[in-house]
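Please look over the sequence and the structure shown next. The paragraphs after it go through the chain part by part.

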Amino acid sequence: MAKNGGLVLNIIVCVVLVVSVKASKEADRVTSLPGQPELTFRQFSGYVIVDDDAGRALFYWLTEAVSQPESKPLVVWLNGGPGCSAVAYGASEEIGPFRLNWTGTGLYLNKYSWNIAANLLFLETPAGVGFSYSNTSSDLHTTGDHRTAADSLSFLIRWLDRFPRYRNWPIYLTGESYAGHYVPQLAHAIVSHNAKSRHHINLKGLMVGNAVTDSYYDNVGTVTYWWSHAMISDQTYRRLMKTCDFRRRTESDGCARLFYYTMDHELGDIDQYNIYASPCNIADVTSTTRRTLSFPSQHKNLVSSLTLTNTSVSFANVDFLLSYTSIDNNPC
């Protein structure tokens with residue numbers, strides 16, 4: 001009788017856990033968005049607490065693949081900054097399934113969305129970015145790469161508990177700009193986690209576009225990109241390479257003057273983030289260009305208060321892909 005009682009108790013506990021996971025997952029189900037067209041895929045969105053004591057929680061938005069999601073990988077997307085929202089940028093302006101129409105009254109489908117090929121998980125990290133938050137105010141002043149990686153790992157572990165169907169699926173980490181720090185550091189955290197845990201995260205690879213990685217190479221790459229795409233003259237290219245010490249965290253006055261000359265007199269009406277397209281506002285392109293562009297190292301100075309780390313990672317049994325395009329003035 002005691003054995004039967006124990007068996008019954010175990011069955012009840014298992015049923016409660018299954019129902020609890022299903023209820024938690026369904027509570028995150030997004031049935032519709034304002035002005036949303038008809039869809040063939042499911043959406044989920046919500047919070048995952050990553051630190052119980054501090055009350056830190058990260059916000060996510062999952063858009064499953066448009067067809068046969070069970071056969072497609074899970075792609076985790078992180079925006080950079082630091083401080084840029086994955087929902088506002090990655091999901092809504094770049095690789096997500098929706099675009100806002102010109103009148104602002106509804107949504108239409110993005111025919112180039114990555115959820116044609118994968119299940120997309122947009123993660124707002126660290127706490128304080130987008131809808132992610134902390135109940136400990138000091139967290140917003142002490143955040144850094146170490147905590148971001150740890151919180152993102154905690155998120156994935158707990159999110160996979162909420163969505164167990166993805167637990168053994170291939171996972172790819174992707175992002176842009178400062179995700180050149182976030183993505184490899186999260187991958188390193190996952191590899192370390194897998195080395196000491198029975199419940200592995202099935203990390204298959206990673207990809208970063210316009211990655212902020214190293215000041216010297218980022219800066220040299222930016223100038224070389226301009227020159228190799230005929231955006232600046234041979235003479236200006238040689239002067240920039242001779243005048244600017246790209247290993248410095250701040251440029252000299254001479255380098256800064258030459259940089260702004262290049263912005264104002266050579267780059268012209270070119271959208272730096274899509275050089276073959278027309279800028280949104282041609283009438284104001286000069287002031288806009290000068291106001292928003294900078295070398296990657298200048299951009300990093302804006303976040304110098306954060307704890308930045310260079311992580312050397314050895315990836316065993318993980319496919320590694322770094323998609324590096326040399327210009328990265330986009331802060332997100």
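Helices (H or I, at least four residues) and strands (E, at least two) are DSSP runs, numbered from the N terminus. The model is predicted, so local features need pLDDT of at least 70 and side-chain atom pairs count only at pLDDT 80 or more, while totals for chains, interfaces and linings use all residues. Residues are numbered from 1 along each chain as its sequence is written, and side-chain values use heavy atoms, with hydrogens and water left out.

The chain has 10 helices and 10 strands. Buried means under 20% relative accessible area, exposed means over 50%, and partly exposed is in between (1.4 Å probe, protein chains only). On that scale, 46% of the 332 residues of the chain count as buried. Accessible areas come from the Shrake-Rupley method with a 1.4 Å probe, and for residues only the protein chains shown count as cover. The accessible surface of the chain comes to about 17300 Å², and carbon and sulfur atoms hold 55% of that surface. Contact means heavy atoms within 4.5 Å. Among contacts in the chain with a separation of 6 or more, 71% are between residues 24 or more positions apart.

In soluble globular proteins, nonpolar side chains tend to be buried together. A nonpolar core is here a set of buried Ala, Val, Leu, Ile, Met, Phe, Trp, Tyr and Cys residues joined through side-chain atoms within 4.5 Å. The largest such core has 36 residues, and those with the most contacts inside it are Tyr60, Leu62, Leu121, Phe155, Trp159 and Leu173. At least two residues of this core come from each of strand S2 (43-51), S3, S4, strand S7 (119-124), helix H4 (145-162), strand S9 (171-176), helix H5 (179-196) and strand S10 (203-209). H5 gives the most, with 7 residues. What does Phe155 touch, not counting residues up to four places away in sequence? The list is Val48, Val50, Leu58, Tyr60, Leu121 and Leu123. A second, separate core has 16 residues, including Val220, Tyr237, Phe246 and Phe259.

Asp28 lies in the loop between helix H1 (2-27) and S1. With a relative accessible area of 10%, Asp28 is buried. Not counting residues up to four places away in sequence, Asp28 touches Gln43, Phe44, Ser45, Gly46, Tyr60 and Arg162. Asp28 and Tyr60 are 32 residues apart along the chain, and their C-alpha atoms are separated by 9.8 Å.

Next come the charged pairs. A salt bridge is a side-chain nitrogen of Lys or Arg within 4 Å of a carboxyl oxygen of Asp or Glu. The structure holds 10 salt bridges. In one of these, the side chains of Arg29 and Glu26 meet at 3.9 Å, N to O. Both residues are partly exposed: Arg29 has a relative accessible area of 34% and Glu26 one of 36%. Glu64 and Arg42 form another salt bridge, at 3.1 Å, N to O. Glu64 lies in the loop between S3 and S4 and Arg42 in the loop between strand S1 (29-30) and S2, so this pair ties together parts that are 22 residues apart in sequence. Glu64 is buried, with a relative accessible area of 2%, whereas Arg42 is partly exposed at 25%.

The side chains of Asp139 and Arg147 also meet in a salt bridge, at 3.6 Å, N to O. Asp139 is buried, with a relative accessible area of 7%, and Arg147 counts as partly exposed at 24%.

Lys72 is found in the loop between strand S3 (56-63) and strand S4 (74-78).

Leu100 lies in strand S5 (residues 98-100) and is exposed, with a relative accessible area of 56%. Beyond its neighbours within four places in sequence, Leu100 is in contact with Gly106, Leu107 and Tyr108.
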